[in-house]
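Subject: Structure handover

Hello,

Here is the structure I promised you. Please look it over, then read my notes below.

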Amino acid sequence: MMSEQHIIDGCIRHNRKAQEMLWKQHSGYLLGVCMRYATDRPEAEDMLQEAFMRIFFNLGEYSGTGSFRGWLRRVTVNTAITWYHKNLRHKHHAGIDDYVSAETGTAGFEEDFYTAEDLYRVLAELSPGYRMVFNLYTIEGYKHQEIAEMLGIDVNTSKSQYSRARAILRKKLEELAHMKGKYT
Amino acid sequence: MRDEERDNGLESLFRNKLEENEMVAGSDLTGRFMERLGRREFFRFNPSRFNIWYITAAAAGLMVAGLLLLSPSRGEAEPVTPLQDTSQVSVPGEEVVTEAPALQAIATDPVTLQEYPAASEAGEAGSVKGQAIVRHDPIATDAKAQGETIALNRGGTAKLAVTPLLFNTSIEPSVTSGCVPLHVRFGCNAGDGYSASWSLGDGGISSEISHDYIYDIPGIYRVTLTLTDERRRVSTATEIIEVWDNPRADFEVRQNDQPGENDKVLFVNLSTGAVNYLWDFGDGTFSTLADPSYRYERMGRYDVSLVAYSVNGCADSVTVNDLFTDKGMYLRFPNAFVPNRGGPTGGYYNQQTDEENQVFHPVASGVDSYNLKIYSKSGLLVFESDEIAMGWDGYNKGRLCSPGVYVWKVRGSYRNGQSIIMAGDVTLINY
C-alpha cells in the first residue's frame, strides 16, 4: 500500500499506477459529491471524469497544506460549477419568484428515515440553479455573497433560490415520508 | 422560530447524510476513465512515460539511422557507370557528391561554379546530397527533365552525363498549418515511375503520389514521404504539419438588477482557448472587449453573436437569437416590509437595508418611466417616488407610519413602450 504522499508524488510524475490508486481511493467519495450536483448518475459520472482530469493535470497546485481530501472536493465542486455554467448557457438568472416563499409542512426530519439515495433523488429533481445554491450553501458552507460571485448571480437571487429550494425539498421529503409510511 | 429549527433539521439532514457519503464507482467507469486519461497522457510530454513524443523521437531516430546506413551502401552498390554514349550515360546522384571536389577544381564555367554552394548546402541534409546539384541546375529544375539525361562537358577532359533522378524528394503540401479540421492536399515533386509511401503523422498512410488528407485532431504532425524509383532507390522527405485547436465561443447574459443600471446588459464571456473577440450586439454595434457591457437604446429583438479567435486566428462563433424576450422586462413588488425603527432612511436602499427588508421597493428590469404612490387605508397619500432606486422607508414626514396594510399603485412604461399600471397592497410590519 502506498502512502498518500507517495501517490500524490506519483501522480505529479503522471505515473499510471499512482493515478489508478488515487482514482480507486477517492472516486467513490467524489462521485458522491458529483451526485449532489448532477441530474442523474450518468451526468455525475461524466462530471467525475472531468473532475479527475483536472485533478491529475493540476495536482502540482496542491500545496500540501490542508487536507488532500478537502482539496479534491474543492476541485470537484469547482468542476461542478463550471459544468453548471457550461450547460446553462444563455439562461437568465434574473428570476426572483417571490419575496416570501410559501412554506408548508409540520414534521421535522428523522435522519434514519431517509437513505442517501432518497436525498440524491430529491436533489436531482430540483432545477440546476436551485440545486447549485442549495449544495453550495448547505453542504459546502459558502456564504451567499460567495455563491453569488461563483455563479454570477445576484446575492438576493442566491438567497431567494436557497429558500425556494429549501421549501421544495421539504415538501418533497414530506411527500416521500408519506409514501414510505404508506407502503412500509 | 419553529421554521428556523426545522430548516436546521433539513440542512443537517442533508449535511450529515451526504457530505461524506461515498458511492461505488463501477469498474466499467474506472476502465472508461483510465482509458480516457491514458489518451490524454499520450499526447502530453512526459519523459517517464511512453507517449507520442517517444514515438516521434523513435521515428526520427530510426529515420536518421536508416539514412546514415543507406547512403554509403548505396554508393557501393551503384558504381559509376562507364561512359557509353554521351547522351545516355547516367550517374546516380550520390556519385556526383564524391566527384564534387574534382568537378569543382575542373570547372571553369562560372555558371557551373555558381551551382556548387547550393550543392554543398544540400549535402548537409543527409543522403540526398547529389540531387541537389541536379535540382538546382537551371536546366534540370523542371520535373519533366527527369529521366532524360543531360551531358555536361567539363572542359573537354571528361564527359559526364548526369541523370536527374529527382531524388531530392520534397513534399509539397497545400498548407503547412491551419485550424482543425485541416484539409491538406499533399503533392510531391515525383512524376510517374515512382512509388510513394506516405506516413501522415497521425497514423494515416497513403501510397498515392498526391492525395488529400484531413487532420481532425489538433496537434503537430510529422509527415514522411518515402519515394522509391524503378531501380529501388529510396529517398525520403519530411514536413511538419501544424493543426491548431479551435477556440470555443460561449457567453452568458446578465442583466444587472442594481438600481440605476437597469438596462445595462453584462455579457459574460465563457469562451475557451480564445484571445480575441468580436461581439455583434445585433443593433449594428460591435465590440472587441472580452466582457463588454452594453446599454441598448430600446428593448427589442436582438440577435447577439460572439466570434472568438485563438492566438492562431482560428475562430468559433455563437449566436443567440432574440436575446431579450419579454421576460427581460418585469416589475415585481414584495408584500411586506419591516421599516428601520431608527429613523427615516430616505428610501434609497442598499445591500444591507435590502437584506433586512427595511425598504419597500420593487425588483425591476427594463422599466423606462415609473411612478409609485402609496396610500394609507384611509386614502391618505403617504409616499410617492419617481425612481425605482428610491423605495419607501415606512416614514411619512419624518414619522414612522403605523403597522398595517397600505395600498400602492404604479404607473409607468417599459422601454419597449408597453405601459405599466399595477396596484397591490403591502403590509408594514413593526416589531
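Start where the two chains meet. Helix 3 of chain A passes helix 2 of chain B in a right-handed crossing. (Under 35 degrees is roughly parallel, over 145 roughly antiparallel, 65 to 115 roughly perpendicular, and the rest oblique.) Axes are lines fitted to C-alpha atoms, for helices over the stretch in contact, and angles run from 0 to 180 degrees between N-to-C directions. Helices (H or I, at least four residues) and strands (E, at least two) are DSSP runs, numbered from the N terminus.

Which residues meet there? From helix 3 of chain A come E45(A), Q49(A), F52(A), M53(A) and F56(A); helix 2 of chain B brings L29(B), F33(B), R36(B), L37(B) and R40(B). Contact means C-beta atoms, placed from the backbone, within 7 Å.

This is a predicted model: local features need pLDDT of at least 70, side-chain atom pairs count only at pLDDT 80 or more, and totals for chains, interfaces and linings use all residues. Residues are numbered from 1 along each chain as its sequence is written, while chains are lettered from A and ligands numbered from 1 in the order in which they are written.

Within chain A, helix 2 (residues 16-37) packs against helix 4 (residues 68-87) at about 35°, with the axes 10 Å apart. This crossing is right-handed too.

Now chain B. Five strands form an open, mixed sheet in the order 19-26-25-21-22. Strand 19 (336-337) and strand 22 (381-385) stand at the edges, each with a single partner strand, so one side of each has no neighbour in the sheet. Strands pair if DSSP finds at least two bridges between them. Strand 25 (residues 404-414) and strand 26 (residues 419-428) of chain B are antiparallel over 10 bridges. V410(B) stands opposite M422(B) in strand 26.

Last, confidence. pLDDT is the predictor's confidence in each residue, from 0 to 100. Chain B has a mean pLDDT of 73, and 70% of its residues reach 70 or more. Residues 75-165 of chain B stay under 50. Where pLDDT is low, the predicted coordinates should not be read in detail. For the complex, the predictor gives an ipTM of 0.81 and a pTM of 0.40.

Best wishes

Key:
A crossing is left-handed if the near helix is turned anticlockwise from the far one by less than a right angle, and right-handed if clockwise. Two residues are in contact if their C-beta atoms, placed from the backbone, lie within 7 Å.
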